[in-house]
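Please open the model in your viewer and keep the selection panel at hand. The stops below are meant to be followed in order.

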Amino acid sequence: MWRGLRGREVGATRPRSLATHVRADRVRQINLSGHKEIVSAHNSGINSLQIDCTEARYLLAGAADGSVGVYDTQQPTFMDSAIKVAKHEALFTVDKSVPQGHIYSVTCVQWYPVDTGLFVTGSFDKKINLWDTNTHQVELQFEMPEKVHAIAMSSIAATHMLVAAGTEDVRIRLCDLASGACTHTLSGHRDGVWALQWSATSEWVLYSGGCDGAIRFWDIRRAGCFQVLDQNRSQIERRSNVTSSTQRQELASAPVGSSSTSEMQRPVAKRTKPSTVSKPSKIAKIKDPGVRRSHPGMTLANDRSTAHHGSVTALQTSDDGLNLFSAGTDSRVRLWDIESGRNTLVNYEATKIRTHQGTQLAVSMDSSLLFVPSAHSLQVIEISL
Amino acid sequence: MSGWNYVVTAQKPTNVTHSCVGYFTNPQELNLIIAKCTRIEIHLLTASGLQSMLDVPLYGRIATLELFRPPGESQDVLFISFERYKFCVLQWDAETGSPITRAMGDVSDRTGRPTDNGQIGIVDPDCRLIGLHLYDGMFKVIPIDNKGQLKEAFNIRLEELQVLDIKFLYGCANPTIAVLYQDNKDARHVKTYEVNLKEKDFGEGPWLQNNLDNGAGLLIPVPLPLGGAIIIGEQTIVYYNGSVFKAIPIRPSITKAYGRVDSDGSRYLLSDHNGMLYLLVISHDKERVSALNVEPLGETSAASTLSYLDNGVVFVGSSYGDSQLIRLNHQADVKGSYVEVLESFVNLGPIVDLCVVDLERQGQGQVVTCSGAFKDGSLRIVRNGIGINEQASVELQGIKGMWSLRASSSDVYDTFLVVSFISETRILAMNTDDELEETEIDGFDSEAQTLFCHNAVHDQLVQVTAGSLRLVNAKTRKQLTEWKAPAPMTINVATANASQVLLATGGGNLVYIEIGQGTLTGVAHSQLEYEISCLDINPVGENPERSNLVAVGMWTDISVRIFALPSLTLINKEMLGGEIIPRSVLFCSFDGLAYLLCAVGDGHLFNFMLNPSTGELSDRKKISLGTQPIALRTFRSKNTTHVFAASDRPTVIYSSNKKLLYSNVNLKEVNHMCPFNSASFPDSLAIGKEGELTIGTIDDIQKLHIRTVPLGERPCRIAHQEQSRSFAICSAKYSQGPNNEDIETHYVRLIEDQTFEITSGFALDLYEIGCSIITCSFTDDSNVYYCVGTAYALPEESEPTKGRILVFLVEDGKLQLVAEKEMKGAVYNLNAFNGKLLAGINQKIALYKWTLRDGTRVLEIESSHHGHILALYVQSRGDFIVVGDLMKSISLLIYKK
C-alpha cells in the first residue's frame, strides 16, 4: 500500500492502477460487515438484488412474498449503540397492497440505468411492473403469458428503452418503456428463459440463457439469434496467415464485437475528410454484419448445441465486455469468450446450483473475482483470465 | 463565497515525457520535438546548438508522440495521442510558421478496461497504419491510405491481456507487430501478428519467442537490413528475428528508455532507472547479427526519453530530474564517463510536497518544493518576481533624486552618482579601493537640490537646479555657461537628453534649450494654461541624441500632451481622466516599438503605443502597480532596455513577444532608482529607499526564478520552522548494496533556511520511512518542535502495522529527539490542533496531548475517531477536521471537549 501511494506521488504508478490494486485488495479481503446491517423488510426469501447504477448507493430487493424494498446502503437509519451496529432499514417497500402490485413472488428487480427515479420488477404473477421511486406507484404494467424469470435493461442503450423479459414461455419479449408495448419476440429457445444480459459493448446485442441449456446471442435489429454457445467448442481457429489466404468461412463465426466496432469508429472523424465520405453509418452498421455473417445460430447443427447440461441460471458479462460468465443447474460456472463464442475451459470449482428459478452472478470491478451463490454459501472464485 | 478566483499557471510543465527527432518544420533541417505533459516544444538543430522554435499548448495530457512521414511527402508529420483517448496529427505550415491539425479524432471505446501499463501508440514504419493499445485486449488500428489520409479506425481483439510493449517490425510485407506480454503465470513472451487491414483481423506472425527474462519490459524493433527486434530485460538483452537468436547477460538494471543512434540500427543508447547510460552495439555483417555488446557510458538524469540528435549530442528527457543535452565524447574523462553535460533544463517535477515561506521577510512568499525522485531529488526554491542582489549600501536620509554620470562621454562605465537632497547635492564616486566616497564636481551647484543632470554632447555635463541650468566641462569639471530662469521664476521640473534640455518654470512656462559646445541656446518658449507636473524628452526616434517629441504631464486638466520640437507646437493631447495628476512620463521603446508610459500619483500606470514620427498615441491601457506615486526610469540589463517603476510596489516593465509585461521586484519600497554601471559594480542599480541607498545587481528579467539545491536523495516531506530558521525534510537515500541490490534508507534532515546546508540528520530505523512532518508547539510549552510521523514498511506486509511519532527540538542547529511514541500503523499525516497533535494513523484519526510525566514530556492519547479506510490527508481549522480518505471521499469531523 505504502509503495503504491509513493509511486503515485512521484508519478511512477498511474493513479488508476493504484485504485485498481486497492480495490482488488479490498475485494479479496471481503467479509461480513460487523458494523453494518440491512434490516430486511420482507417476510420471505429475497430473490433478486441490485444496487443502482448512478450513485451506487440504493439497494433494490425483490422478495418471494411479492414485496420490493429500497434500502440506503450509505446512510444508516439508526445506530444500535448496544452492539455498535449501524442498521439500515428499508426506505420504502411496495407489495400487493399497492394498486397493481405483485401478488406472487418477485423474481427479478432492476433499476432504470439512467437514474434512480424508476425501477422494473418481474414476478411469478406474469406481470412486469415499472415503478416510480418517488410515488411508489406502478407507472406501467406489461402482461406476460407466463411466469417472469428474468428482466434486463441495457445500461449503455442510448437509442432504446427496452426491457428484455424471459419467462417460462420459450420466447423472449422486449417491452418498450417509451411506448408501453411489447415490440419484439425473440424465438429460439426450446424452454423457458431464466437468464438475460445485455452486451456491455453494443446496445443491440442481448445474451439469453434458457432451461434448455442454451445460451443464445441476439442482435435485436435482425431476426433470429446469431450465435448459440457450444460448451464443446473450445478451440479457437488458428489465425490465418494474411498473405496466404482469404478464407471467409472463418468469419462465419463472426465477432460479436463487430457491430460495436463500427460504433467505435464513428467518432474518429477526420478533419481532412469531407463528411460525405464517412459512411451513412446506420445503414453500414446493419448491412456490414449481414454480409459477413451467415446465421450459425439458425443452422441446424448449431441450433442444438448447449452451454450447460441443464438450465442456465445466470449470465454476467465482465466489465470490459470481452467475456461472459454463465452458471447452470449442472453446478458449473463457465467463462466464454464473447467474440469467438468459444468455451475458455477455465475449470472453476464446482458449485451447488439447485434452484428452480434464475440466480445472479457478480463480477468484481477489476474482473478478478466472481461471486456465485452456491447452496447455502456465496462462492468467491478467482477468474484468472 | 461570491468571489471568483483567478487561477494562472506560474510555471509551465517541465516534466519531459516524450521526445522525437525528425524533419518536421523543414525537409532539410532536423527538429527535436519535446512533449512536456500538456505542451510540445519544437526545437531546431543548428550548428550552434538547439534553437527553440515554438511552444505549443495542447488540450490534454500527451500519452504518446510519434513522428512519421506519409508516403510521397518530404516532411514528417506528428502523431499525438492523449490520455483522454483523443488523437491528432499535426503538420507544419511553413507560411504561418505554426503547426496545423491535419487530422484528429476520438479513439475511446465505451467499455473496456484501460491498460495498466500505459497507453501505446505506434506508427508502421512503412506508414500503412497507426496502432493504438488503449484498453486491455484491444488493438485499435487507424489505417493510412497511400495518400497519407487516415481512414476509419477499427478494433482487433488481442488475446494477450497484460501487454507490456508493442512495436511495429521493419521490413515486413504486411504490417507486423511484436507484442511483449505477460501471461497469467507471470512469464513473459513475445508474439508477432500481421495486421490484415482488409479483413480487420490479425494473422499469424512470422515468429514468437517464449519464456523471456522475467523483467523484460522494452522492445526495440531493428530496421533493415537486419530486421527483428531486441528485447531488453532486467538481466539479459535478447536479439531475435525468427532465425537468429543472440542473448547477452547484463548488470541487473531496469531499462527505462532507449534511443537509436544509427539509422541502420546497429547502435542504441539505453538508460536505466538510476540514470546510467549504456551503449548497445549490434555487430553484424549487414545481413546477420553476430554479437551484442553493452558498454556503460556514464551517468545522466534518470531518463524517460532519449533522442540522439547528431555528432554525439543526445537529448535526455527526464521526468524525475532536470532534462539534459549531453555530448558523448570519444575519450572518457577522469571519472571514466563519456558523458559531458552541455545544457540542463530545469524540471520541477514530480513535486511531492512543498511549503510556502517568506525567507527574506519582504512579504513575498517563496515556494520550496520537494522535487525530483531517486538520485535526482532536490529542493527547489521558486520565487516570483525579480530579486535585487545587494552589493553595497549606505545610510542616507531624505534622498530626493539620483543620477549617474560618466566621467567622459567615451567612458563605458559610470563614475559619479549624483544624489540630490532637499537643499544640497552630493556627488559620490568610486575611489581606487572600490569604495563609494563623496567627491565634488566644481562646476556643479552643490548648495541646491538638483532637479536633473545628465551627460551631454561634446563631453559636457548638465545640471539643473531650481535656480539655473549649468553646463560643465566633463574633463576640467569647470562650469562653461549657465542659464538662469528669469526672476522671480524658478525651475520646477526639468529633463534633458544628450543635446536638448527642457525646463518648466512656474506658471506653465515651458522652455526648450539646445546644448552646443559650451553654449546653451534658448530655442523656443511656450506658455501653457496650467502648471506642468512632469516632462520627458527621452529619444525614441532614429537619433539617440535628439528627440523631436516632448511629453508633458499637466496639473489641473490631468492630461498628457505631446509637443513637437524644436517649435514646441502642441500635436497631441490625451486626457487621462480622474483627479490624480500625472507624476512621471517616459518615452521608451521595447522590441522596436515606441511607447509612452505615464504614471499617476495613485500608483496607476497608463501606457500608450506611440508613433515616433507623428506623435500619435494609440492603444491606451491602464494598470495599477501600487498605491503611491510612481517614478519611471529606464535601465539596461543584458543589453535590453527595461523600465523601472519605483513606488511602494516596485515593478520592472519589459516586453516579450511585443507585449508589455510587469514583474514585481522583491523590494519593499523604492523611492528613486538610477542605473549605476560602474567598473566595480557592473550592470548595477542604485536604489534609494527610505533612509538608505543601495547598490545591487538585478536578476534576469523574467517572472519566475528557480534555485536548485541538489540533495542526492529523494525529499518527500518538508516543513519550515520560523523560530529556528530551518527546514526539516524527510528524505530517502538510495544506494547499492554489496550484491547490487537497491537499498533505501530514510532520514530526517535539518536544513538551514538561508544557505540550504544540511546541518543535522537523524537516521530512521531499517524499513522505517518518514510519512509526514510538521512544525508545531503545544499548550504549556514555549518550545517549537518538529514532529515526524513514520511507518515501518516491512517487505512482507502490504499495510504498515507499526509506525512512530517522533518529536524533535532544534538546539544549536541540531535535531534533538525529545519524545517518541509507537503507533499501530503508518502515521500518514500530522497536524497541529489547538496546542495538541492530530495524527492520521491508518484507519483512525487520533488526538495526542503533550503531558508531563515524571519530569519528561510524553505524547498521550486524548481521543480518536475510527471508521476510515486510510486517512491519507487531514487538515484542520478551529475545531473542524477534514479527512480525505483513500476510498471514502471526504468527511468532516468536529472536536468537542
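This is a predicted model: local features need pLDDT of at least 70, side-chain atom pairs count only at pLDDT 80 or more; totals for chains, interfaces and linings use all residues.

Residues are numbered from 1 along each chain as its sequence is written, chains are lettered from A and ligands numbered from 1 in the order in which they are written, and side-chain values use heavy atoms, with hydrogens and water left out.

Begin by selecting chain B and chain A, where 65 residues of chain B are in contact (heavy atoms within 4.5 Å) with 51 residues of chain A. Next pick Asp116(B) and Arg16(A), whose side chains form a salt bridge at 3.2 Å, N to O (a side-chain nitrogen of Lys or Arg within 4 Å of a carboxyl oxygen of Asp or Glu); the interface of these chains holds 6 salt bridges.

Move on to Trp483(B), which, leaving aside neighbours within four places in sequence, is in contact with residues including Leu469(B), Ile491(B) and Leu503(B).

Finally, select Cys370(B), which is buried at a relative accessible area of 0% (buried means under 20%, with a 1.4 Å probe and protein chains only). Its sulfur lies 7.1 Å from the closest cysteine sulfur, in Cys716(B), which is too far for a bond, and the whole structure has 0 disulfides over all chains (a disulfide being a pair of cysteine sulfur atoms within 2.5 Å). Cys453(B) is likewise in no disulfide, the nearest cysteine sulfur, that of Cys674(B), being 8.7 Å away.

Terms used:
Buried means under 20% relative accessible area, exposed over 50%, partly exposed in between (1.4 Å probe, protein chains only).
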